[in-house]
Amino acid sequence: MEDNQGTDLRAYLSVAENDRWILISLSGWRPLGRYKHSAQIVKEKLYVIGGSRNGRYLSDIQVFDLRTLKWSTLSLHAYSSNDVLKENFPAMAGHSLVKWESKLLVVAGHSKEASDTVTVWSIDLETSSFSVVNTHGRAPTARGGQSVAVVGTRLLIFGGESTRGQLLNDLHILDLSTMCWDLVQTKNMPPAPRFDHTASVHSDQYLLIFGGSSHSTCFNDLHVLDLQTMEWSQPETQGIAVAPRGGHASTTVDEHWYIVGGGDNRSGATDTVVLNTSKLVWSLSTTVGGRDPLASEGLTVCSATMDGEKFLIAFGGYNGKYNNDLFVLKPKTRDSKQPRLFQSPAAAAAAASVTAAYALAKITDKNGDSVNSEGVNLKLASANSGKVVAVDTDKLTSEKKSLESKLEEVLNENSRLKNSLDEMNNSHNLLLMELQSVQGHVAAESSRCFKLEAQIAEIQKRLESFSSIEQELENLQHQKLKIVKDTSAPQRQDSGGIWRWMAGTTQSP
């Protein structure tokens, strides 16, 4: 990573090496460092909204001008339908930010605003105002750390962590034209419940989910949802091995998905990796130091184009301290040829059959040769050598059928293994949930036992004190009886009774 002083972002891009992060040197005021904020680029300005710092949610909206390299604060006003000022923008973290038409949409996130379902805010940058979007339908449970992607007029929200700490793996779609929510019923095994993951869209047909965290581990798996069939799959990838991580940031440049930062609860991820979403091949873009701000959790990264130059810009994050640095990277041109198509097993088998038939047809049609009506032999006339070559079409057909049969066997085996893997993943998820439940019960019972032991100890102390009190009471009773006995004897001796008194006689001394 390099540090370069420049007057605007073009100065950095003009001298930047491809796939190398550069620190943007700033001399003026900067916003507070933060993480779990959101960011988007609109008209050559980077908008940073909210976040968390020292356990406190932030409500500010900071704007970085990519031309002047200056920070400023945007003050928003909320208006009701009667254009009456109501309140300031709420403080939040773990939310998502997307561009829609001429507005920014802030989706979900943790805040002190009491809500059982996901809230969507709309920010109008032209009027510097915001409002709560009135949505209807089956709204998702309130959450933070989810992933959000926009495909056409559909906003897709996946996973996250609820306000009660429950991990989620549900998929909801908000129709942005009607603002109606819907819970999507998908097929096959979905990704395990998670939060702080990232999502991307390929060819407006496939939703990609990568990484994220649970309460005990981090993931490095890639899941793909076909938005036409709503079928989940976990395709094999090629290239480098990517370490598990959560809290990372991601952005797409053409068909290349850049993953930046994140961590695995022990250390930050120092590598910036790239997934070719067409080929499903992972590659390494660059690396940074272990204590670098780019090896942080909860940072953001955006991509844009300025004067025809594509670039990535990263901000914030937490790696032991809250960062407020800005970094820029100019991606190198990557090969995008020979795309790898996402296919179901049936589609793959059909494609293989078509390819084999096409290869056979090419053999029969080459150099203007023809097949006789009996389909026994094909004679190829060579214009150069005059040699005649006989090709047994029955043999080619037999080999084709043999290959198709083997292919079918491989596909069946692959399907069987996939089903077994799905069952194992399902069992693993169920066992993990059961383990977490048992751990919760054990913790609750341990707490209950601790309280009972404390109560028993208190009762034992009180019983010991009762024993000493009983002994003391018994001694007092004995003393009382002795005193009563000693005082009652003289009285009986001195008393002559009432008849002696009435007779007027007294006992002489």
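The model is predicted. The chain has four helices and 33 strands. Of its 509 residues, 40% are buried.

**Overall figures**

- Among contacts with a separation of 6 or more, 52% join residues 24 or more positions apart.

**The five-stranded sheet**

- Five strands make an open sheet, in the order E24-E28-E27-E26-E25. Their pairing is mixed.
- Strand E24 (238-239) and strand E25 (249-253) stand at the edges. Each has a single partner strand, so one side of each has no neighbour in the sheet.
- Although E25 is an edge strand, E25 is mostly covered, with four of its five residues buried.
- E25 runs antiparallel to E26, and five bridges join the two. Within this pairing, Ala249 stands opposite Val260 in E26.
- E25 and E26 form a hairpin with two residues between them. Asp254 sits in the turn and has a positive phi of about 55°.
- On to the next pairing: strand E26 (residues 256-260) is joined to strand E27 (residues 271-276) by four bridges. These strands also run antiparallel. His256 faces Asn276 in E27 across this pairing.
- In a regular strand, side chains alternate between the two faces of the sheet.

**Aromatic pairs**

- The structure holds nine aromatic pairs.
- One of them joins Phe64 and Trp71, in a tilted arrangement with 5.1 Å centre to centre and 50° between the planes. Both Phe64 and Trp71 are buried.
- Phe158 and Trp232 form a tilted pair as well, with 5.6 Å centre to centre and 55° between the planes.
- Phe158 lies in strand E17 (residues 154-162), and Trp232 lies in strand E23 (residues 231-233). The pair therefore ties together parts that are 74 residues apart in sequence. Phe158 and Trp232 are both buried.
- Tyr35, Tyr318 and Tyr322 form one aromatic cluster.
- A charged side chain also meets a ring: Arg194 lies over the face of Phe219, at 4.1 Å from the ring centre.

**Val42 and its contacts**

- Val42 is in strand E3 (residues 38-42). Its relative accessible area is 18%, so Val42 counts as buried, the limit being under 20%.
- Leaving out residues up to four places away in sequence, Val42 touches Tyr47, Lys99, Leu104 and Leu125.
- Val42 and Leu104 are 62 residues apart in sequence. In space, their C-alpha atoms are 9.0 Å apart.

**Salt bridges**

- Side chains of opposite charge can pair when their charged atoms come close. The count here is 15 salt bridges.
- Asp8 forms a salt bridge with Arg10, and the closest N and O atoms are 2.7 Å apart. Asp8 is buried, with a relative accessible area of 9%. Arg10 is partly exposed, with a relative accessible area of 40%.
- Asp8 and Arg10 belong to a network of salt bridges that also links Glu44, Arg67 and Asp307.
- Asp325 and Arg30 meet in a salt bridge at 3.0 Å, N to O. The pair links distant parts of the chain, 295 residues apart.
- Asp325 is in the loop between strand E30 (309-315) and strand E31 (326-329). Arg30 is in the loop between strand E2 (22-24) and E3. Arg30 has 29% relative accessibility and counts as partly exposed.
- Asp264 forms a salt bridge with Arg266, with the closest N and O atoms 3.2 Å apart. Asp264 is buried, with a relative accessible area of 19%. Arg266 is exposed, at 72% relative accessibility.

Key. Residues numbered from 1 in each chain as written. Predicted model: local features only at pLDDT ≥ 70, side-chain atom pairs only at ≥ 80, totals over all residues. Heavy atoms only, no water. Pairing = 2+ DSSP bridges. Buried < 20%, exposed > 50% of the residue type's maximum accessible area, 1.4 Å probe, protein only. Contact = heavy atoms within 4.5 Å. Phe/Tyr/Trp six-rings, centres within 6.5 Å; stacked < 30°, edge-to-face > 60°. Lys NZ or Arg CZ within 6 Å of the ring centre and 35° of its normal. Salt bridge = Lys/Arg side-chain N within 4 Å of Asp/Glu carboxyl O.
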